Amino acid sequence: MSAPAAAVDLARGLAAIVGEANACQDPARLRQLAVDGVEPRIAVSPGSSEEVAEVLRLASSDGLVVVPAGGCTRQHTGATPERVDIVLRKGGLAHRLHAP
């Protein structure tokens, strides 16, 4: 499978899990989410622990690198990753995982 086709399949697969609005491929936004200068292929914002599990299951089955991200204030890890396939945005997820 070609790289562009694989990217489309990844985007579709993740959008099916988290919803189209929660799967970002916007180049400008992905540049902002770079980890030590390495831009992700896609960023997702799951809305539940079940969606997190499905994203991780898909990534694991395809051998993809997932980087969790909270507020994206510390994006320099000290050990530059070779690649970042998926940034898993956690913002707003905490209040959805804990019932009042």
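Q: What makes E3 and E4 a strand pair, and in which direction do they run?
A: E3 and E4 are joined by 4 bridges and run parallel. Two strands pair if DSSP finds at least two bridges between them, so the 4 bridges joining E3 to E4 meet the criterion. The strands themselves are DSSP runs of E with at least two residues, helices are runs of H or I with at least four, and both are numbered from the N terminus. In this pairing, the partner of Val 67 in E4 is Val 87, and the partner of Val 66 in E4 is Ile 86.

Q: On what kind of model do these assignments rest?
A: The model is predicted: local features need pLDDT of at least 70 and side-chain atom pairs count only at pLDDT 80 or more, whereas totals for chains, interfaces and linings use all residues. Residues are numbered from 1 along each chain as its sequence is written, and side-chain values use heavy atoms, with hydrogens and water left out.

Q: What makes E1 and E3 edge strands?
A: The open sheet has 4 strands in the order E1-E2-E4-E3, with mixed pairing. Strand E1 (23–24) and E3 each pair on one side only, and they are the edge strands.

Q: Which residues of E3 form its covered face, and which its uncovered one?
A: Val 67 and Ala 69 make up the covered face of E3, while Val 66 and Pro 68 make up the uncovered one. In a regular strand the side chains alternate between the two faces of the sheet.

Q: How is H3 placed relative to the strands?
A: H3 lies across E2, E3 and E4, and runs at about 175° to E4. Such angles run from 0 to 180 degrees between N-to-C directions, with axes fitted to C-alpha atoms, for helices over the stretch in contact.

Q: Which residues are in contact with Leu 64, beyond its neighbours within four places in sequence?
A: Contact means heavy atoms within 4.5 Å. With those neighbours left aside, Leu 64 is in contact with Leu 10, Arg 41, Leu 58, Ala 59, Arg 83, Asp 85 and Ile 86. Leu 64 and Leu 10 are 54 residues apart in sequence, and their C-alpha atoms are 10.0 Å apart.

Q: What makes a set of residues the largest nonpolar core, and which members touch the most others?
A: A nonpolar core is a set of buried Ala, Val, Leu, Ile, Met, Phe, Trp, Tyr and Cys residues joined through side-chain atoms within 4.5 Å. The largest such core has 16 residues, of which Leu 10, Leu 14, Ile 42, Val 44, Val 55 and Ile 86 touch the most other members. The elements giving two or more residues to this core are helix H1 (3–18), strand E2 (40–44), H3 and strand E4 (84–89). H1 supplies the largest share, 6 residues. A second, separate core of 9 residues includes Val 35, Val 38, Ala 69 and Val 87.

Q: How do you know that Asp 85 and Arg 41 form a salt bridge?
A: A salt bridge is a side-chain nitrogen of Lys or Arg within 4 Å of a carboxyl oxygen of Asp or Glu. The N to O distance for Asp 85 and Arg 41 is 3.4 Å, so the pair qualifies. The pair links distant parts of the chain, with Asp 85 in strand E4 and Arg 41 in strand E2, 44 residues apart. Asp 85 is buried at a relative accessible area of 3%, whereas Arg 41 is partly exposed at 34%.

Terms used
Buried means under 20% relative accessible area, exposed over 50%, partly exposed in between (1.4 Å probe, protein chains only).
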